[in-house]
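Subject: Structure for your files

Hello,

Please find the structure below.

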Amino acid sequence: MPQLCVIEGDGIGREVVPAAVEVLRATVPGLEVFPAQAGWECFQQRGVSVPAETLESVRACGAALFGAVSSPARKVEGYRSAILTLRQELDLYANLRPVRGLPGVSPRPEIDFVILRENTEGMYAGRERREGDTAIAERVITRAASRRVGLRALEIVRARQRKRLTIVHKANVLPVTDGLFRDTILETAHECGAERDGIVIDELLVDTAAFQIASQPERFDVLVTTNLFGDILSDEAAYWCGGMGLAPSLNWGDGLALAEPVHGSAPDIAGKGIANPLAAILSAALLARHAWGLSEPAARIETAVRTALAQGLPATTVEITRAILDRLSHG
Ligand SMILES: NC(=O)c1ccc[n+]([C@@H]2O[C@H](COP(=O)([O-])OP(=O)(O)OC[C@H]3O[C@@H](n4cnc5c(N)ncnc54)[C@H](O)[C@@H]3O)[C@@H](O)[C@H]2O)c1
């Protein structure tokens with residue numbers, strides 16, 4: 001039976017995650033759910049943002065659904081970002097962010113591409129220090145991490161129709177670090193016979209990629225990039241999903257996956273009952289497809305979301321969840 005570790009986190013995580021769990025229960029028979037803690041409030045109560053038993057629970061289940069956590073904008077002694085800790089400790093090395101237009105809410109519902117981001121190193125790993133009045137952030141890129149995210153990207157490209165992989169980097173000004181990332185992925189693709197299998201591989205500088213995601217999103221199939229570039233580009237691309245409340249993601253390692261909506265804890269609307277649960281629900285569908293191999297329930301959830309959106313969404317978290325559950329029971 002599929003087992004799920006559920007980490008609601010902070011703010012609207014506590015509203016959207018229960019909605020997504022309800023939808024999963026309605027589509028995945030026998031699902032077993034194990035609640036666990038992480039986040040800013042957990043840190044304030046227990047002095048740790050991700051307790052050891054939370055890591056153990058995710059490992060034991062093999063799959064987790066995570067809401068969002070709040071992070072202080074300034075350094076707090078002893079605090080380490082919960083989502084960074086989960087990604088690094090569990091070696092969730094690839095971050096999958098599908099960008100699919102949705103009826104009624106997306107400016108262009110036909111848009112369909114994927115951003116895959118390296119998830120454990122680079123600038124986003126947060127290796128910072130002060131030396132007097134100088135602040136330093138280390139940006140480490142390794143062949144091993146570039147290779148495994150490249151392999152995962154090729155796996156995703158092969159499962160899609162258009163078979164185009166775009167490597168996004170800034171190797172013109174960072175030829176050592178981004179050069180290694182780009183060259184490793186090109187070598188990996190070559191070793192795996194990508195050209196022979198009809199996969200087209202191209203590359204773009206990250207600034208050009210940012211412009212083209214805005215101006216010609218239909219050009220893309222699968223983009224693979226480093227951690228911080230992927231973080232920024234996928235928020236930009238969330239515009240094509242219809243907004244932050246509609247963009248799903250999956251942190252994906254080997255035999256371990258943690259799904260999370262792209263949005264944060266949204267303190268401005270937390271507790272008001274108006275958070276859109278669809279990003280969390282679509283993240284749950286990614287988990288069903290990629291962690292449990294349940295493609296049919298995943299597709300049912302996605303179809304229910306599309307149908308509900310086409311008919312017009314109600315205003316509250318509870319009503320939106322009810323609309324999805326209704327579509328599932330009628331479809
Ligand atoms: N993965 C994560 O846990 C994660 C990601 C991003 C930000 N954060 C944290 O979240 C906190 C708030 O950050 P932020 O305000 O920059 O980003 P945010 O994503 O929380 O909110 C940005 C805007 O989008 C709206 N929004 C977000 N999700 C929504 C939803 N489901 N339905 C309707 N509206 C939604 C919010 O109301 C807000 O106006 C910060 O502490 C930040 O560190 C966490």
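This is a predicted model: local features need pLDDT of at least 70, side-chain atom pairs count only at pLDDT 80 or more; totals for chains, interfaces and linings use all residues.

Residues are numbered from 1 along each chain as its sequence is written, and side-chain values use heavy atoms, without hydrogens or water.

Helix pairs

Helices (H or I, at least four residues) and strands (E, at least two) are DSSP runs numbered from the N terminus. Axes are lines fitted to C-alpha atoms, for helices over the stretch in contact, and angles run from 0 to 180 degrees between N-to-C directions.

Helix α1 (residues 13–27) packs against helix α10 (residues 295–310) at an angle of about 130°, with the axes 10 Å apart. The two are therefore oblique to each other (under 35 degrees is roughly parallel, over 145 roughly antiparallel, 65 to 115 roughly perpendicular, the rest oblique). Val23, Leu24 and Thr27 of α1 meet Pro297, Arg300 and Ile301 of α10, contact being heavy atoms within 4.5 Å. By class, this contact has four nonpolar, one polar and one charged residues (Ala, Val, Leu, Ile, Met, Phe, Trp, Tyr, Cys and Pro count as nonpolar, Asp, Glu, Lys and Arg as charged, and the others, Gly among them, as polar).

For helix α5 (residues 143–158) and helix α6 (residues 177–191), the axes come within 8 Å and cross at roughly 50°. That makes α5 oblique to α6. Their contact includes Leu151 and Leu154 of α5 and Phe181 and Ile185 of α6; by class it has seven nonpolar, four polar and four charged residues.

Helix α7 (residues 206–215) and helix α8 (residues 227–241) have axes that come within 9 Å and cross at roughly 10°, which makes α7 roughly parallel to α8. In α7, Val206, Ala209, Ala210, Ile213 and Ala214 meet Phe229, Leu233, Glu236, Ala237 and Trp240 in α8. Nine residues of this contact are nonpolar, none polar and one charged.

Pocket

The largest pocket has a volume of about 700 Å³ (the space filled by probe spheres set on grid points, which are joined across faces, edges and corners). A pocket is an open set of points on a 1 Å grid over the protein atoms alone, where a 1.4 Å probe fits, with protein on both sides within 12 Å along at least five of seven lines; lining residues have an atom within 4 Å of a point. Of its 18 lining residues, Lys75, Tyr79, Ser81, Gly126 and Glu128 lie nearest the centre. The largest share of the lining, three residues, comes from β6.

Regards
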